[in-house]
Amino acid sequence: MSYAVDYFADMGQISQDAAARHQCPYLVKRYEKEFINQGGSSEWLRGLDHIPDKLRAIYDINKILAHRPWLLRKEHIELLTKGINSWSLSEVVHAMVLLSHFHSLSSFVFSCGLTQKLDGLSSPKLKSAPATLGAPATATAAAAPSLPPQPQPQPLLSVANAATIVRQTTTTPVHQKTVLGEISLNTGGAGGTKPDYNTQNAASNNGSGGAPGDGAGGAAGGGGAGAAALNGYLATAQQLPQQHGISVEALMERMKVLSQNQDECSEAELSSRFKNVEMQTAELAAVTPGPAVALPPNISHYVDDANFIYQDFARRGAENVNTFRIQDYSWEDHGYSLVDGLYNDVGTYLDEKFRSAYNLTYCTMGGIKNVDTSKFRRAIWNYIQCIYGIRHDDYDYGEVNQLLVRPLKMFIKTACCFPERITTKDYDSVLVELQDSEKVHVNLMIMEARNQAELLYALREIMRYMT
């Protein structure tokens, strides 16, 4: 095999292994075909025991990045760059970009219900009927990072093209009917006084059923009937939307109040609010996992240590891991330049992709026009990264509890951490007033915020190794 074919094969194998961590057969099967089309050895497709030692060496990093990226250390990078099958730093960065992309792309595929819709190969746990989704979801699901320029055609869609797709999604609205009509909500406090959404009474209004410790306020209660009701949420939300949703008008009112009341908070108070949201997230259940199900046989040979899954950052305990503070290491100030220096132009492509996803808006919300959604979008982005232990120091995490109701938090956490548990029914059960194109935008933010979170941990350790 030529060097170019070897390189394509290596990167294709990494893509498959990354998607397999989240049991995403749609992506695994797609890139198995691309792997063979680019001259890869069919022997490699027999599983991890049949791939070259150099590729096997990165599997632990694949596993850590997919589920607990805060456990990554510079020693992992050092091991890759030493010995007979060593990686160059540019290869390491390329691999990190691919791993993080395909982990987060798996989140997108499942959160849009695409696995069930496109090929019916979803996890045995997923039983609901497929839903009809908008065009942006299908188009973006094919996006993947680029390989370095080569003379022959590239099988994977480039990061530049992925950014273009995201940008086109932003500027080319897809007009679809509202999924569900008006949902009533007692907004309270709309007469000029900033409403308190962090009380038990407010919790019952925004869709938690009034359980103590709702995600909109106190620490989420985990036991008894409250936990049972929480675990049953996504299965019943579609039938009982008035108990589980929030009206667009109510959400707009909350955003308006927050924009008008920019309270100054001390550093201690901002830190306390972040920790509050972090602990609530740890106590928030994902979609009910149900009985243990074996890995699908067409994926299991790509997975090692299947019991290594997401563990809430706030429960890191003896691991003694500090919160990742954006003021100490950010994409804009550190990660971007490191990627661009070691992996030509890809830092620029990634930056454009992140910015496009973060700024996605039609300035509409469920059929209402001229809406400033920036508060809502920022709350979603920062909440996703909070799930991975990342704190934006200048952000008031109290806004997360004001704008993201418990059911939406539950969906986001599942899409990020356990995407293989998402069903099309779950997709239909959240943000029910939004158009499908707007819901796909939320899923794009889930994908890109998660992608950036993984990359931040990986790039920080590469920088530490280099220095």
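Start with the cavities: six of 30 Å³ or more are counted in this predicted model. A cavity here is a set of points, on a 1 Å grid over the protein atoms alone, where a 1.4 Å probe fits but cannot get out. Grid points are joined across faces, edges and corners, and a volume is the space filled by probe spheres set on the points. In this predicted model, local features need pLDDT of at least 70 and side-chain atom pairs count only at pLDDT 80 or more, while totals for chains, interfaces and linings use all residues. Residues are numbered from 1 along each chain as its sequence is written, and side-chain values use heavy atoms, with hydrogens and water left out.

**Second largest cavity**

Select Leu360, Thr364, Thr373, Glu438 and His441. Of the 13 residues lining the second largest cavity, these lie nearest its centre; a lining residue has an atom within 4 Å of a point. The space inside is about 150 Å³. Strand 2 (364-365), helix 18 (374-387) and helix 22 each give two or more residues to this lining, and helix 22 gives the largest share, four residues. Helices (H or I, at least four residues) and strands (E, at least two) are DSSP runs, numbered from the N terminus. By class, the lining has seven nonpolar, four polar and two charged residues. Ala, Val, Leu, Ile, Met, Phe, Trp, Tyr, Cys and Pro count as nonpolar, Asp, Glu, Lys and Arg as charged, and the others, Gly among them, as polar.

Next, select Asn370, in the loop between strand 3 (368-369) and helix 18. Asn370 is not a glycine, yet has a positive phi of about 55 degrees. Its relative accessible area is 74%, which makes it exposed (exposed is over 50%, buried under 20%, partly exposed in between; 1.4 Å probe, protein chains only). Then go to Leu431, in the loop between helix 21 (424-429) and helix 22. Leu431, also not a glycine, has a positive phi of about 50 degrees.

**Largest nonpolar core**

Select Leu27, Ile61, Trp87, Met96, Phe376, Leu404 and Ile412, which touch the most other members of the 113-residue largest nonpolar core. Such a core is a set of buried Ala, Val, Leu, Ile, Met, Phe, Trp, Tyr and Cys residues joined through side-chain atoms within 4.5 Å. Helix 22 (residues 436-466) supplies the largest share, 14 residues. Domain 1 (1-112) and domain 2 (246-466) each contribute at least three residues; the bounds come from an automatic or database domain assignment.

**Helix 4**

Finish at Ile61. Leaving aside residues up to four places away in sequence, Ile61 touches Leu72, His76, Ile77, Leu80, Met96 and Leu99 (contact means heavy atoms within 4.5 Å). Helix 4 (residues 59-67) is largely enclosed by the rest of the structure, because eight of its nine residues are buried.

Definitions and conventions
1 Å grid on protein atoms, 1.4 Å probe; cavity = no way out; pocket = protein on both sides within 12 Å on 5 of 7 lines; lining within 4 Å.
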